[in-house]
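Reader: I have not looked at this one before. Can you walk me through it, starting with the terms?

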Amino acid sequence: MAHFVGAIDQGTTSTRFMIFDRAGREIARHQIEHRQILPAAGWVEHDATEIWENTLKTISVALAEAGLTSGDLAAIGITNQRESVVAWDRTTGKPCHNVIVWQDTRTDALVSRLDAAFVRDRTGLPPATYFSATKIQWLLENVDGLRARAEAGDVLFGTIDSWLIWNLTGGQHLTDVTNASRTMLMDLESLQWDQQLLDLFGITRAMLPEIRPSAEIYGHFEGVPIAAAIGDQQAALFGQTCFAPGEAKCTYGTGGFLLMNTGSTPVRSSHGLITTVGYQFGSTVTYALEGSIAVAGAAIQWLRDQLGVLDSAAASETLAAEVEDSAGICFVPAFSGLFAPYWRPDARAAIVGLSRYHTAAHITRAALEAICYQTRDVVEAMAQDSGTTLDCLQVDGGVTGNALCMQLQADILGVPVSRPAVAETTALGAAYAAGLQVGFWHSVDDLRANWHEDRRWQPTWSLERREEGITRWKAAIDRTLGWVG
């Protein structure tokens with residue numbers, strides 16, 4: 001018998017393969033970063049071939065390091081960066097252009113012409129450069145000859161899950177409902193591509209993958225069932241075992257994403273959140289409210305890679321701990337505009353309140369605080385939309401390894417912050433979905449039994465200090481608006 005389940009976790013900055021046992025414990029992992037291609041201000045691209053080659057390498061190395069073969073895996077689940085778009089040739093399998101990444105803002109002019117009420121009503125999404133539809137539209141309009149080839153049936157489009165499924169299974173062109181719900185092309189209630197939206201963006205249905213539930217056998221790779229595909233943030237919701245309405249989690253990766261399970265009914269947001277599909281098993285659909293933050297860990301990456309302030313992301317905790325606070329400065333990392341709850345593509349990043357007194361330590365601490373203040377903005381919007389106030393925030397993702405940042409999160413929210421024993425719940429959620437599909441786990445009760453808390457942070461700030469910080473943050477937000485016409 002196969003005693004393990006694998007998960008491909010294809011993220012914004014890296015690809016990894018993780019292997020889990022029946023207790024949800026990590027057995028092995030291998031991770032490879034890929035290039036961030038920045039052709040112009042606001043443009044972010046990836047090389048789809050590099051991502052696919054890295055996927056194969058991570059599977060091979062993780063299995064070898066664990067002393068396993070593919071035959072030891074009961075199933076493989078896929079989780080992926082959402083909204084990012086790739087186009088490839090149906091015959092050769094070669095990409096027609098670099099991946100246009102979810103952070104990319106080149107389609108701002110296309111987005112500005114959209115009927116916001118119509119798009120939100122059909123899709124649950126506010127028109128934004130974040131989502132996939134205008135990225136596909138841009139490719140069709142700007143890559144020489146691509147529209148003619150696509151309309152002749154020679155080019156396929158998809159989010160990264162579709163690209164991986166196509167390569168892993170020998171040509172199945174499929175996506176799951178969670179990824180489809182992020183394209184601005186799927187009707188939120190019928191869970192099918194919407195013809196009016198396709199016409200609006202000039203996209204032919206045949207270019208797009210077939211929409212399937214989040215867990216089913218999509219095909220096989222080296223004899224192993226590819227048994228789940230689920231967008232990264234929905235996978236983390238599943239991995240945190242948020243199976244009941246009102247349960248929520250926040251994942252801190254390149255961006256930050258707070259999702260709350262809202263059950264079988266989509267809850268329409270009036271406070272700047274996204275209504276999305278949480279996951280679908282069989283005919284049962286679970287919806288979620290989501291607050292999406294464009295820049296979380298990416299702010300630390302920027303300090304490391306662009307400014308050279310840090311030798312490593314982990315060094316941000318040590319450097320920020322050298323000072324007691326940020327000494328009155330605010331860092332708003334609106335590199336790609338502001339996402340939830342503001343949805344302001346005209347915003348740009350700013351560090352406000354600088355004097356000659358301030359050091360790299362103050363700026364780094366302000367970057368950690370920015371992650372936490374952005375999360376607070378979303379938590380407040382979630383409470384207004386759902387009527388549910390969190391009494392504890394469940395967290396996961398790479399940034400939760402920064403204990404100072406998590407303490408700041410508890411202080412800025414004023415509620416405890418809880419990290420599970422397996423903080424990489426994105427990969428775990430994909431493994432859980434695949435394992436359930438093939439009977440490796442029998443029910444969600446098995447998954448709940450696997451969840452254990454690793455650490456909890458209690459708030460320490462006074463109410464006065466918290467309110468002072470929030471006031472300064474909101475003033476800094478105001479100063480970032482209107483920089484791009």
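Author: A polar contact is a pair of N or O atoms within 3.5 Å; within protein, one must be able to donate a hydrogen and the other to accept it, and residues adjacent in sequence count only if both atoms are side-chain atoms. This is a predicted model, in which local features need pLDDT of at least 70 and side-chain atom pairs count only at pLDDT 80 or more, while totals for chains, interfaces and linings use all residues. Residues are numbered from 1 along each chain as its sequence is written, and side-chain values use heavy atoms, with hydrogens and water left out.

Reader: Where is T123, and is it buried or exposed?

Author: T123 is in helix α3; helices (H or I, at least four residues) and strands (E, at least two) are DSSP runs, numbered from the N terminus. T123 counts as buried because its relative accessibility is 1%. Buried means under 20% relative accessible area, exposed over 50%, and partly exposed in between (1.4 Å probe, protein chains only).

Reader: New topic. What does UniProt list under "binding site"?

Author: The unreviewed entry lists R82, E83, Y130, D232 and Q233. UniProt positions are given in the numbering used here, feature names are shortened, and annotations may be inferred rather than shown by experiment.

Reader: Which of R82, E83, Y130, D232 and Q233 are in the lining of the largest pocket?

Author: R82, E83, Y130, D232 and Q233 are in that lining. A pocket is found on a 1 Å grid over the protein atoms alone, as an open set of points where a 1.4 Å probe fits, with protein on both sides within 12 Å along at least five of seven lines; lining residues have an atom within 4 Å of a point.

Reader: Where is R82, and what is it in contact with?

Author: R82 is in the loop between β5 and β6 (85-89), and it counts as buried because its relative accessibility is 2%. Beyond four places in sequence, its contacts include W102, Y130, D232, Q233, F257 and E290. The charged end of R82 sits over the ring of F257, 5.3 Å from its centre. For that, NZ of Lys or CZ of Arg must be within 6 Å of the ring centre and within 35 degrees of the ring normal.

Reader: And where does Y130 lie?

Author: Y130 lies in the loop between α3 (116-123) and α4 (133-142). With 0% relative accessibility, Y130 counts as buried. It touches R82 and E83, and also W102, F257, F339 and W343, among others.

Reader: Which residues form one aromatic cluster with Y130?

Author: W102, F131, F257, F339 and W343 are in that cluster with Y130.

Reader: How many aromatic pairs does a search of the whole structure find?

Author: The search finds 21. Rings of Phe, Tyr and Trp (its six-membered ring) pair if their centres lie within 6.5 Å; planes under 30 degrees apart count as stacked, over 60 as edge-to-face and the rest as tilted. F238 and Y279 make an edge-to-face pair because their ring planes are at 80°, with centres 5.0 Å apart. F238 lies in helix α9 (residues 232-239) and Y279 in strand β15 (residues 274-281), so the pair ties together parts that are 41 residues apart in sequence.

Reader: Back to D232. Which side chain has a polar atom 3.4 Å from its backbone nitrogen?

Author: That is the side chain of T79. T79 lies in strand β5 (residues 73-80) and counts as buried, at 0% relative accessibility. It touches D232 and also, among others, I8, D9, Q10 and A427.

Reader: How many residues of helix α6 are buried?

Author: In α6 (residues 160-169), 10 of its 10 residues are buried. G170 follows α6 and has a positive phi, near 80°.

Notes. Contact means heavy atoms within 4.5 Å.
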